[in-house]
Amino acid sequence: MSLTPETPLPPKGKGKALRPVPMLIFGSRWLQLPLYVGLIVAQGVYVVLFLKELWHLFAHAFDFSEQQIMLAVLGLIDVVMISNLLVMVIVGGYETFVSRLNLQGHPDEPEWLSHVNASVLKIKLAMAIIGISSIHLLRTFIEAGALASGKSVYTETGVMWQTIIHTVFILSAIGIAYVDRVSNMAVDEAKRASAH
């Protein structure tokens with residue numbers, strides 16, 4: 001029989017009771033729950049779309065030209081990237097704005113989730129949108145090869161506007177990242193100043 005004293009339990013944190021109006025305001029974050037559930041349903045729709053596109057590609061594997069196969073594969077990649085965007089919004093948004101998921105130590109915890117906050121989520125979303133826009137632009141460029149023959153569904157003006165919009169997405173992401181960096185530097189300087 002061991003005579004070592006038991007390790008005392010740490011004191012339980014006493015949560016401060018909120019007044020009714022702050023409790024209502026803070027509790028209103030749960031109104032976002034149906035929105036995230038709706039995005040999960042949309043994720044299911046994208047799975048169905050992916051399987052439909054994959055079956056279409058498989059059924060016409062011997063009929064399609066190399067360009068048609070490439071466009072079909074880019075369509076599949078597009079669906080996957082949009083699905084990844086949905087996962088980031090669902091998981092990151094819920095964790096940031098609604099409630100903790102408490103996934104620490106879970107083997108499948110996404111590595112980016114441990115340091116997610118509103119600004120990190122914003123940058124990740126901007127990068128995902130640029131990736132999706134890149135896939136659409138690549139598809140347009142591949143199909144635009146038929147512009148001279150007049151058989152393309154795209155016009156020169158349409159291709160130009162898609163390129164301009166993609167460039168604006170890139171500049172916006174750079175701007176968001178720059179503002180976030182400047183904000184973080186200001187916070188770090190304030191912490192250093194208060195430490196001295």
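This briefing describes the aromatic ring contacts of the structure shown above. The model is predicted. Three aromatic pairs are counted in it. Ring pairs join Trp-30, Tyr-36 and Tyr-94 into a cluster.

**The pair Trp-30 and Tyr-94**

- Trp-30 and Tyr-94 form an edge-to-face aromatic pair, with 6.3 Å from centre to centre and 70° between the planes.
- This pair connects distant parts of the chain, its members being 64 residues apart.
- Trp-30 belongs to the loop between helix H1 (20-27) and helix H2 (33-59), whereas Tyr-94 belongs to helix H3 (residues 66-98).
- Trp-30 has a relative accessible area of 37% and is therefore partly exposed.
- Tyr-94 counts as buried because its relative accessibility is 17%, and buried means under 20%.

**The pair Tyr-36 and Tyr-94**

- Tyr-94 also pairs with Tyr-36 in an edge-to-face arrangement, at 6.3 Å centre to centre and with 85° between the planes.
- Here too the pair links distant parts of the chain: Tyr-36 lies in helix H2 and Tyr-94 in helix H3, 58 residues apart.
- Both Tyr-36 and Tyr-94 are buried.

**A charge over a ring**

- Arg-29 lies over the face of Phe-26.
- The distance from Arg-29 to the ring centre of Phe-26 is 3.9 Å.

Definitions and conventions
Residues are numbered from 1 along each chain as its sequence is written. This is a predicted model: local features need pLDDT of at least 70, side-chain atom pairs count only at pLDDT 80 or more; totals for chains, interfaces and linings use all residues. Side-chain values use heavy atoms; hydrogens and water are left out. Rings of Phe, Tyr and Trp (its six-membered ring) pair if their centres lie within 6.5 Å; planes under 30 degrees apart count as stacked, over 60 as edge-to-face and the rest as tilted. Helices (H or I, at least four residues) and strands (E, at least two) are DSSP runs, numbered from the N terminus. Buried means under 20% relative accessible area, exposed over 50%, partly exposed in between (1.4 Å probe, protein chains only). A charge sits over a ring if NZ of Lys or CZ of Arg is within 6 Å of the ring centre and within 35 degrees of the ring normal.
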